[in-house]
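Take a look at the structure below. Then read on for a short tour of its inside.

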Amino acid sequence: MTGSNDTAAPVAEVQNLSVDDAAQNVTQNVTPWDVEGAVVDGKPQPINYDNLVKNFGTRVIDAALLERFEKVTGHRPHKLLRRGVVFSHRDLGQILDRHEQGKPFYLYTGRGPSSGNMHIGHMLPLTFCKWLQDVFDVPLVIQLTDDEKFLFKPKLTIDEVYENAAKAVLELAAIGFRPEKTFIFSDLDFMGGMFYRNILAISRSITFNQAKATFGFDNSTQIGRINFPSVQIAPAFCSTFPEIFGTRKDIPCLIPCAIDQDPYFRLARDVALPLKHKKPALIHSKFLSALQGTTSKMSSSVDSPAIFMNDTPAQIKNKINRHAFSGGQTSLEEHRKYGGNPDVDVPYQYLTYFLDDDDEIAALADGYRKGEITTGEMKARCIKVLQEFIGEIQERSKTITDQLLKDLRDPSFPRKFASLEKK
């Protein structure tokens with residue numbers, strides 16, 4: 001059984017969730033709201049995930065854990081696990097123990113609706129979560145943090161974030177989530193009942209000093225922002241959902257998320273046992289790079305281009321060709337002679353997230369390094385894969401009914417799981 005490991009660096013070293021590399025005297029900034037790589041000699045650097053693991057106190061998903069995952073579930077690990085995109089965890093071993101013993105757990109993930117449509121970076125953890133749900137056959141709760149976006153995005157109104165949350169349900173349904181196994185809720189709609197009771201219990205268990213040390217809040221921070229972590233923590237406790245779990249408090253969750261969300265759930269794990277709940281387990285993914293390069297993540301909240309789920313094939317092609325950072329040489333002649341660098345090539349990186357064929361991924365990297373595959377050819381393959389992925393989601397969305405959307409958001413929709421009968 002894999003034990004917990006919540007040991008992190010002292011607060012002084014991780015204030016504002018910045019990760020400091022003392023050897024180079026540079027800092028990368030990774031928070032739930034901003035992600036930027038370090039700058040060395042004036043040049044932006046890729047995110048250093050080894051430092052995040054060290055400073056956040058998580059554990060790397062190694063070959064032994066992947067082997068155990070396959071043995072326990074009977075499923076080959078997802079491509080994001082195989083390729084190290086989903087790379088870090090807290091207590092994943094304990095979740096595998098429960099699955100092996102037939103004991104219940106559930107999945108919890110979320111979406112912050114800052115815009116009317118998701119971009120492809122949003123889709124990665126959600127499609128991975130759908131795969132996990134199919135593998136484990138467990139309940140899933142999806143929190144739409146419309147309240148958070150109102151608090152942290154001053155230009156958005158209450159009506160806008162609420163409308164964005166409603167649009168998100170359609171895209172989630174198009175991924176394949178169904179109400180028999182999935183409950184999707186807007187914080188603005190669901191606030192009250194056991195959800196609010198747990199929020200109050202959590203907020204009384206976390207001091208302002210703890211919140212400052214974890215999130216970098218200061219005396220000018222609005223009180224709504226300071227309290228919001230309690231709202232995101234509450235769904236990690238099963239008693240928040242009595243319609244699914246009744247009065248039980250002994251059912252843990254597994255939270256698939258990008259690693260910038262880990263600080264919320266470090267606090268959740270700190271307060272879980274005093275509140276008589278199980279600690280949540282986590283499984284962390286890397287960020288999908290922005291089109292401009294691997295030093296920041298794709299975002300719908302900044303002015304730089306992103307690839308959205310409502311983009312047309314022509315828009316996808318234009319964005320990749322015009323904006324995607326290339327790891328190739330400055331001329332075709334030099335590229336043929338020296339080859340390119342797939343590690344910084346954004347089209348290749350996107351292919352590692354979305355292309356299923358491991359052999360093709362390896363061949364693309366090898367051919368690019370040798371100069372046999374050009375930048376234009378790499379972009380063309382990326383464009384085709386993204387057009388197919390987005391086009392499939394768009395076609396599915398046309399078949400989604402209003403009743404299905406209503407059922408997904410109905411906390412009382414009948415959701416029965418045999419494993420919930422076991423302790």
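This report covers the nonpolar cores, one glutamine and the cysteines.

**Cores.** The model is predicted. Its largest nonpolar core has 74 residues. Ile120 and Tyr350 have the most contacts inside this core. Helix H6 spans residues 120–136. This helix gives the most to the core, with 10 residues. What does Ile120 touch, leaving out residues up to four places away in sequence? Its partners are Leu288, Met298, Ile307, Met309, Tyr350, Phe354, Leu386 and Ile390. A second, separate core holds 38 residues. Among them are Phe190, Ala211, Ile251 and Leu267.

**A glutamine in helix H6.** Gln133 lies in helix H6. Is Gln133 buried or exposed? Gln133 has a relative accessible area of 2%, so this residue counts as buried. Its side chain reaches the backbone oxygen of Lys181 at 3.1 Å. Gln133 is also in contact with Leu107, Val138, Pro139, Leu140, Phe177 and Thr182, setting aside neighbours within four places in sequence.

**Cysteines.** How many disulfides does the structure hold? The count is zero. A disulfide needs two cysteine sulfur atoms within 2.5 Å.

| Cysteine | Closest cysteine sulfur | Sulfur distance |
|---|---|---|
| Cys129 | Cys257 | 10 Å |
| Cys253 | Cys238 | 8.8 Å |

Cys129 is buried, at 0% relative accessibility. Cys253 is buried too, at 0% relative accessibility.

Terms used: Residues are numbered from 1 along each chain as its sequence is written. This is a predicted model: local features need pLDDT of at least 70, side-chain atom pairs count only at pLDDT 80 or more; totals for chains, interfaces and linings use all residues. Side-chain values use heavy atoms; hydrogens and water are left out. Buried means under 20% relative accessible area, exposed over 50%, partly exposed in between (1.4 Å probe, protein chains only). A nonpolar core is a set of buried Ala, Val, Leu, Ile, Met, Phe, Trp, Tyr and Cys residues joined through side-chain atoms within 4.5 Å. Helices (H or I, at least four residues) and strands (E, at least two) are DSSP runs, numbered from the N terminus. Contact means heavy atoms within 4.5 Å. A polar contact is a pair of N or O atoms within 3.5 Å; within protein, one must be able to donate a hydrogen and the other to accept it, and residues adjacent in sequence count only if both atoms are side-chain atoms.
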